[in-house]
Structure formats: structure tokens, C-alpha cells
Amino acid sequence: MGNLPARFTTFVGRRQQVVELRRLLGTTRLVTLTGAGGVGKTRLALETAAVSVKAFPDGVWLVDLASVHDPEAVAGVVASALNVPDQGGQPVLEHVALQLARRRVLLVLDNCEHLVDVCARLVHTLLSAVADLRVLATSREPLGLTGEQVFPVRPLDHAEAMELLRDRVGAVRPELLITEANRAAVARLCEDLDGVPLAIELAAARLRTLTVEQAAQRLENRFAFLSTGSRTARPNQRSLRAAIEWSWELCSPAERLLWQRLSVFAGSFGLDAVETVCADDGMEKTGVLYLLDRLIAQSVVEHADPAGLPRYRLLESIREYGWERLRDSGEAELLLWRHRDFFRDLAEHLHQDWVGPRQQEILSRFRAEHRNLLTALEYHGPVRADTPAVHGMDAADPRSHSARHVGSGLGGRQARLALAAALRHHWVAGGFLGDGRRQLERALVEAPEPTTVRAHALMTAAYVAQMQGDLTAADQWLDEAEELAERLDDEVMRAHVWGHQGVSELFHGRRGDAVSLMEKAVTAHTVCGDGVGVTVWLVALATVQAVGDNPRAEETRRRALAAADAHGERWSRAHLEMSLGRRAWALGDYGEARTLTLSALRALRGFGADARIAKMVEQLAWITAAGGDHERAGRLLGSARVLEERTGTSAYKESPVNAEYHARCEKAVTRALGRAGYDRAWKGGTALDTPARAIDYALEVDVAAAPPAEPSPLTESSPLTRRERQVAALVSQGMTNRRIAAELVLSPRTVDGHVDRILTKLGYSCRAQVAAWWAAYQMPPGTG
């Protein structure tokens, strides 16, 4: 009994969701499926209703409200669907309730979003009057009733999306099969469509005349491409644009304004960014939270990271639609300008706070904003006139007509350079050396003017190059920075240059010169009253003096530790402890050496600092071998190597002294275990390929016996889709997102989205952790 329509096409995927919905209908009287337009709410509701018929002996009844626009007509439409006649003797809804009394019925209310208030009142009345009634509703926002169970409907995962495309293409062009030759293009097509079923079905219709590769290329103009659907479909389901415009029309003018302004963000974004970038005279900052909540309720905005601080995102099609509206409004330049300035200001603020107790928090924020930071670095427009980092420069207000055509003006180039420079700790401590090097090199070429900003960027570029072991480039940049500091007569900058030159001297193996330059830097910062600079280079000086016979080493160590503790600084302090451990090892005090090195490792837990932790693990291997535990030393060498591969660094290649110590350790382990024994130990150590695993092993936590913290990619418990596993595999090979895109024939933006989702699903904060997670399970070839 009922009025469910017969199926015209097969139902693909989402079997587990159907099972869960049936369970909920057994325990909850009102279940509302919510989600973006075209995501498949109606089809999922109908499939759930169809397989639930036996549980409702008095019928499963569908009420389609898509074409109903008069709120007064809703009760009559429900009565008509239930075959309840309107006899005029009592209100229609009361008569419906009377007819349903003592009957076990499932009522499917489809497309409630444009009538949400009246639907809420109707459902409340019926549920109050009919004890055995169950309601399954679909809407782009919840009905907002007490007892309502909201069931968010997400896009299809990778495998389901490809299966849906294969099924629908088979109906219009049976000879077109998914093969190894076109599989990458099919995957790219599905992923660029966000896994949204409506978009996939519209694309399948286009494959009647196009190849998969041609279709994927035409998604650059997705709304024109996905414009012809079934003639019998509801108007708002005949094209991707129509589905999204339906949501647009349901929004208030203020909600639409926020939607289009949110399109300026790349990937996910936080509330502080939304309030700063999107608010102005036309949108009060105090009202942004309410509008954002409304867009979430209407399935326009999604939660991006439910496990951490609130972050949000737009599906790509929704973002592109908003971007079209933003561009047409004439506000695009203004919003890009605000976006760039917000992230530049954020980066500079966090940079200023680096020497303090917030270092781990700062790195986490930078990682979460990585895509936005790269987007901000792409913007070439003007900068505010009051920007403190660009001294003595005139900058146009982008709201003026002329400023919208500045594009790559002097202010914009300098602002981009300032942002790249302020991200020095994101590039180095956060493990983005390659990205940092590329951004800094480009920004330096594009902004050659002799400004204070350029001097800071030169030092940041040199710092990145030093960490990469490219001392030639680092020294060239430092020479220019020194000249610029002299020209600008900037004592603080000159002091920082001396300090960085000392780092280069150390890596060149000239420790005496390194000490002299760092002492010079500490003295200069002291004279300038720059306490942060004093702390930075005092700790660095103590680190260098710790390895050698400098008579002032103990006094420097004491002052440096006191300064670091006064600021709550952990990053540099850990490196100092590492150097003190190295000195103890050199003096034969292996117990003290181990204690200090392990203390340094503990201090960096949670930083995601693969490169620095790799150096500490390498050092611990030397200490362990000297203490006679050669099996453990071999494992530590293997762990250090795999951590180094994640960041493109090498503890033993960055200086001749380190190379010698590494070789000695390898020889000692090989001599004790034999070549085969060393290889086995080294290979075992490569499983310790995340900072957490390496630190646990170093602290003698029984890593092998402990259950893995992450789900294996080889098991059904893996949270990643097949395509996400492919991306993770290439991340583990050290590929950038752009290289991954080329390898898998995807757009860079699609790969960005995959990496964001992988980080969210695994609960990680950087790609190095993803690579380590993948490698830990020894994935065989072809499993991606």
C-alpha cells in the first residue's frame, strides 16, 4: 500500500546509509535528510522508503512539495497524496490526522526547504495526533522540531561516484567503458564534480557525444556544460545551475551576500577570517555568525573539521557559483584584497608571537590555512595605505575604480613578499620547505625594490635554503640582505643577518666563525633592546658552543635556557638540548647525552616537525651505537632516514661533520650486526616513520606491541576513498599537489581538496604525517 513511484534507474551506493536510516525510523518519529541541492536526498529517501514497506503495513506515502508554492495548499496536497478526501466539514489537517489514527504509516515529505515553516507545523500536528506515524523528510535545512533526527547527506565517495557515472553512461552509450586508459580521466571528472549525483548524471548525458577526457576539460565552465538533464525532471534538477540557483533563491539577500563573499576562500576557513574579510558597512560583523549559521542550516556551507576548532567549507560547485555572483557584483577585487590582507596580517601577528608558548598552536593554524595562504600569495592587487610592513609606500584603496586595475602594482608585489617572509616558521618548522622556497623565489624576483620587506624576505629565503642544505643560495641572499640592512641603516635587521651568516658558517664546518657572528648578533640585539632577537640568537649561540671546547659555553647555556624559559619557547630550546646532548656524547657521557636528546624529542611532540625530529633521531642513533645497542641504533637510523625523506632534508648531508658521524655510526652497526643484520634493523626502523612513532620508540614505548593509532589503508576500516588512497600514496613519495595533479590527470584544485579531506579524516595537520601513515603499512604496488 502506498504511492511510491517505480524506479527508472538503479540505486548506486549508500547501502550503509539506507541501513542506518531504516534503523532510525525504528526509533525516531521524524528523520530529516539535509544536504546541498543535487546531493541525492530524494533518491536516498525513496530507496529507504521502498525497502521499508514491510515495516509499515498501512502504507508508505510520498508527498512531493517541489511544485507547491502556496503555504495554504500544503495540507491539501498531503491529503490528496494520502487519498484522504476533503469533505469540507472540518479542517483538512484534522481530517488527515483522523484518517491516520491507529495506522502505521511512513510519510515521505520531499522538498520541504521552500515551505519549511508550514511543513514544521504540519508535521508537529500529525505526529502529535498519530502515535504510529513516522515522517521521513528531505530539505536543504532542518524543520527545527523537538525530537527531529537530522541526517546529513554528503556527496558520494570516490568509488560510488565512479560507479554511478559508469551506470548512467551505460544507458546512453553502452560501448563507452571505464578502462585503464580512461580511468584517471573518469576519476578526475567525478572528483571535479564533488561526487554530487546530479552533476554526475548530467555529465553522463554529455558523454553521449564527448570522450571522458573532453568532458573533464570542459568543467572549467561547469554550469554551461552541465545544463541539460531529463525533460521530466523538476525544473530545479535539470541543470547544475538550476539546482544551485534554487538554493540561492531560498536565501535572504544578506545570506546571498555572505555566500558570494565566502567564495573568496580556498579550502576551509575559520570564523575570524569570515568576520574580518566579509564584514563591512553592508554587513555588520556582529551579524556574520548568524548568517553563517543560516547558510550551514541551509546546506550551503559545510563543517570542514568536526574534530578540531570550527572550520567551514563550500562544495566546489557552490563556491564557483558564489564566485560568479561575487565577480558580477563588482566586489571580487575588494574581497581578494581583504583576503590577502587578512592572511598577511595573521601571518605577521603569528610570526611576532613565535618566540613564546604558542608555537604548537601557531604551526597548527598555519597548516589549517595553507591553501588560503597560497591563494593570498597569488593575489597581485594593491595593499592598504596603512600597512606597516611596507614602509613609505603609497597604496590605492581597491574600492576605487583605478585600484581595480592595479593588479600587479608595487603595493601588491610588496604585500605578497611580506606574506611570504612572515611565513618563515610555517615553511621551516611546519615542513613546507619546498612551497616556501618556490614562493619566496618568485616573490623576490617580482619585487626587486630595496625595501625593508625585501630584506626580511631575503633572510627567510636564506633560512629555508639553509634547512634544505643549499648554502650557495642562502649565502647569496644573506649577502644582499646585509647590503640592504646597511643601506636602510636597520640595526635589528643587520643583527639578524649576522646570526644567519653564523648558521651558514656552522654548516660549512667553520664553527669558530659561526660563534663570532652569533656573538655579534646577540650583542647587537642587546644594544637595540630587542629581547626576542637576543633570545633567538643566544639560544643559537649556546647550541653552537655546546659542541666544542668554548670556555664560555656553560655561561651561554645558562643564559640561553633562562631566556627561553622566560618566553616559554620550546622550538629553539629543544635544539639547544639536542646540541648539549651531542656534546655529552662527544665527551663519552652517553647517559647524559641520551637524557638530553630525549628531552628535546619530548619538547617537540605535537609539532609535526619531521626535519628537526629526524636530526634528533639520527643523533640518538649515534648515542645508542656508542652505548653498544647496535640493533636499536640501526632502527633509529632507518627511522631518521624515512623522516628526512618526507621533508627533503638530511642531517648527515648538511655538514661535513654530520656526514662523518653518520658514517661512523653506520660502520659501527654494520661491524656489530653484519651487513644483513644492519639492513634488517634499518628496514625495521622505516616503520617508525611519523614523529609520534619515532618519539615513542625513542622513549622505549613498545611501539610494535601497541595497536596502531591509525587505520590501515589495506583494511576496510580505512576512512579514505580509493582516490584519496592514490593521493596519499603520491604524497608519501614527496610529490607536491601540482605534481600529483599531473600524475593523476586531475586539476590542482581537486588535489588540494583531496589532501584537505585526507588530513581531516586521519586527524593530521601536515602532509608529512600522511606520508608516514601510508608508508607504515608497506603498501604494495597498485593498491592505490
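The legends below describe close-up views of a predicted model.

Residues are numbered from 1 along each chain as its sequence is written, and side-chain values use heavy atoms, with hydrogens and water left out. Because the model is predicted, local features need pLDDT of at least 70 and side-chain atom pairs count only at pLDDT 80 or more, whereas totals for chains, interfaces and linings use all residues.

View 1. Five parallel strands are arranged in the order E2-E3-E4-E1-E5; strands (E, at least two residues) and helices (H or I, at least four) are DSSP runs numbered from the N terminus, and two strands pair if DSSP finds at least two bridges between them. E2 (60–64) and E5 (148–152) stand at the edges with a single partner strand each, so one side of each lacks a neighbour in the sheet.

**View 2. Pairing of E3 with E4.** Strand E3 (residues 105–110) runs parallel to E4 (residues 133–139), and five bridges join them. Leu-106 has Arg-134 in E4 as its bridge partner.

**View 3. Helices on the sheet.** Helix H2 (residues 41–50) touches E1 (30–34), E2, E3, E4 and E5 (contact: heavy atoms within 4.5 Å), and its direction makes about 160 degrees with that of E4. Helix H3 (residues 74–81) lies across E2 and E3, at about 145 degrees to E2.

**View 4. Cysteines.** The whole structure contains zero disulfides (pairs of cysteine sulfur atoms within 2.5 Å). The sulfur of Cys-119 is 3.9 Å from that of Cys-112, its closest cysteine sulfur, too far for a bond.

Methods
Axes are lines fitted to C-alpha atoms, for helices over the stretch in contact, and angles run from 0 to 180 degrees between N-to-C directions.
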